[in-house]
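Here is a short report on the structure below.

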Amino acid sequence: MSDPIQFTCPLPLAVGDRIVLGHGSGGRLSVELLRDVFLPFFHSPILNRLDDQAVFEFRGARLAFTTDSFVVKPLFFRGGDIGSLAVHGTVNDLAMGGATPLYLSAGFILEEGLEIETLRRVAESMGRAADDIPVEIVTGDTKVVEKGSGDGLFINTTGIGLVPEGVRLSPTLVRPGDLVLLSGPIGDHGIAILAEREGLQFSTDLVSDCAPLHGLVAAMLAVSLDIRAMRDPTRGGLSSALNEIASRAQVGITIEESAIPVREEVRGACEMLGLDPLYVANEGKLVAFVAPHAAESVLAAMRRHPLGHDAVLIGTVTDTHPELVLLRTPFGTTRIVDMLPGDQLPRIC
Amino acid sequence: MRFATVRFGGVTRQACLDFVPEAQCGDYVIVHVGFAISRVDAEEAQRTYRLLEEMEALEEEPGALEAELGKDGA
Amino acid sequence: MKYLDEYRDPALARRLVAEIRRSATQPWVLMEICGGQTHTLVKYGIEELLGSRIELVHGPGCPVCVTPLEILDKAIAIASIPRVIFVSYGDMLRVPGSHSDLFRVKAAGGDVRIAYSPMDALRLARENPQRPVVFFAVGFETTAPANSTAVWQAKREGLLNFSMLVSHVLVPPAIRLLLEQSANRVQGFIAPGHVCTVMGYEEYEELAARYKVPFVVGGFEPLDLLEAILLLVRQLEEGRAQVENQYVRSVSRGGNEAARRRMVEVFEVVDRNWRGIGPIAQSGYRLRPDYAAFDAEKVFGVETISAPEPPECISALVLQGLKKPVDCPVFGSRCTPATPMGAPMVSSEGACAIYYQYRRHTAPAGAIT
């Protein structure tokens, strides 16, 4: 790699030649990995859209197709487990394209030595999550890797869904003037998981918000088809979701800090650790970009649904600062909400 | 070493009280990397508000003290 | 949340801002030294609110940024040893050493873990008696009570697999160095609130008297910093050069004696290299000889690792407040949080990272490609 530095600042490290944890964080490194390593070889205009799901026409129907892998630790947490997460996560990716889930596949990578009882609990949870939606898990696969090669259990789910006639959701439809709606408080899942990790040792009653969003999406689409795009802010948090849309749609987004709901427990944990809730993962929330005339009715529909009863308007789409997400503080000043390069790190100072 | 349960908003954690031996249940402390380094002096905490009163600013009273500091044994 | 929300009240902030603007009859250059304070100032856009007469310059307040290069190299060397559990505060993991960083060591198979508290490292040492556990004890005086307690407790328990790589830095010597520079433009200082919670503020009285510069000990919330700025402006307008305490709810003149007693038992003052600045006399801590068995430098034989600092680097000028991040020719282009060139961009509290994350939309055109 050429040395760009005539400029003798300490340590320009070449962008690394190894995968680091940050590559999986949903932030900038993840995006770059896609662009630099995969897209050059996977030749597909559908893939190049980099939506949460691939939507394509097949014999007159519009199908949505998506895949996601789940590597959460701990496997069981308050409000869910890797199994329910694997079902909800993929159903949600389909839902963000407006699709009703049809079928799922489930692939398992098991570490030698994993207790079968653990796997049984996960399977039971997956089955229950699938039945509740309902969606069928119709095919799957199991592989075992040697002890030490995995975190016990990884799950991949792939989903296929049907996009109803007339429904078209895509970041490219987002335009200046559109309003940004958020379905509820942010940061629950990420903080609930952190609380169960042994390193940080704090306790909370907080529960992951892990939930399937297809019902909420359907309720929203039932009142208006003038919803441009939706995203579920999973890894990388609300910040990543907004930045992805801003980038794909080539628009600016401005959000109001005081409008964004954050639970007391999430605030406390974030204050303690020096984290920003905007970057903390959610597994049962969505952000929707809506035509201005439809926002009020869509918001009302969200609030009527159990998963959206705290829904709020948080911002607008503008043309004044394309690709930048700006946040207005309660002081009236603005700051950038940027994509983090990798995972957010707890701060000491 | 003395530890206590400290609440930050909605989450609780253990913190070491070795440097704030006078802290009692109900007190607020400044915690840094798991150690309490000072006890918040409630009277002094009003100072910002008094300053602003001088500027004919403040009308409302700040919220009453609420949370707990529960002590575990030494 | 109590004692946080009140100090973020926008209405009160507006009043303080109005009072500051009313009080400043001429331009003043102020500096804050603590990374947490920098974070608040930039995150809330406080400089924007204050108008053109108050210029805020960000000092070397990020312990991560000023950790000397050779300490990073020592950390990386230790963390790369098989079976070592290397425990660190989160922000240190991305800081580049001469050839690598701790994240890369982790990627290559090193057992590198993040801790919120040094007591977590102690616990790991108890749980893994067969493995060496090393804690990367970085920070200003604020973290020293915690860090010293970890090793003090390890000694009491005879936890011989525990050791610490110590790289503490002290604030007053750095301020003295800044004030000695002929190029110094800073006229007033916001002293770091949590450092002073531990150390008190007596040390700043000599600096104020000798250099005729006012200091106000400030907290971390927007209202704290605004009040501290107001007190500084009033001092400057009135020609005073005293040490005042804004952060009275946490700071007293004598600081926390219990904390300092523990620190003194464990640490001694030593000369330190500050990354991007160079050596500053009597500006750091190291473990005392009777803690040698817990000194990771000795335990792992890395004392001789050294790394010369490049002589000219704008990081130095940024850390000393002589340049702003946006003045740097590579800020936002070649040097970004994802591809950091210097420490102030790596640490989430470094001035450059904060500017990049929050404020680059206000940079002059052409500063970012």
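Tyr211(C) is partly exposed, because 17 other C-beta atoms lie within 10 Å. A residue is buried if 20 or more other C-beta atoms lie within 10 Å of its own, exposed if 12 or fewer, and partly exposed in between; C-beta atoms are placed from the backbone. Tyr211(C) sits in helix 11 (residues 202–211) of chain C. Ala241(C) is 30 residues away from Tyr211(C) in sequence and 8.6 Å away in space, C-alpha to C-alpha.

This is a predicted model: local features need pLDDT of at least 70, side-chain atom pairs count only at pLDDT 80 or more, and totals for chains, interfaces and linings use all residues. Residues are numbered from 1 along each chain as its sequence is written, while chains are lettered from A and ligands numbered from 1 in the order in which they are written.

**Chain C overall**

Chain C has 17 helices and 11 strands. Helices (H or I, at least four residues) and strands (E, at least two) are DSSP runs, numbered from the N terminus. Of its 369 residues, 63% count as buried. The C-alpha trace of chain C spans about 65 × 50 × 40 Å along its principal axes. Among contacts in chain C between residues at least 6 apart in sequence, 78% join residues at least 24 apart. Two residues are in contact if their C-beta atoms, placed from the backbone, lie within 7 Å.

Strand 7 (residues 188–192) of chain C is mostly covered, with 5 of its 5 residues buried. Two strands pair if DSSP finds at least two bridges between them. The table gives the pairings of strand 7.

| Partner strand in chain C | Bridges to strand 7 | Direction |
|---|---|---|
| Strand 1 (residues 28–32) | 3 bridges | parallel |
| Strand 8 (residues 215–218) | 4 bridges | parallel |

Met31(C) has Phe189(C) of strand 7 as its bridge partner. Pro192(C) is bridged to Gly218(C) in strand 8.

**Helix 8**

Buried residues in helix 8 of chain C include Ala144(C), Pro145(C) and Val151(C). Gly158(C) follows helix 8, and its phi is positive, near 65°.

**Where chain B meets chain C**

The contact takes 29 residues from chain B and 29 residues from chain C. On the side of chain B that touches chain C, strand 3 (29–32), strand 4 (35–39), helix 1 (42–45) and helix 2 (47–54) of chain B each supply at least two residues. Helix 2 of chain B gives the largest share of that side, 4 residues.
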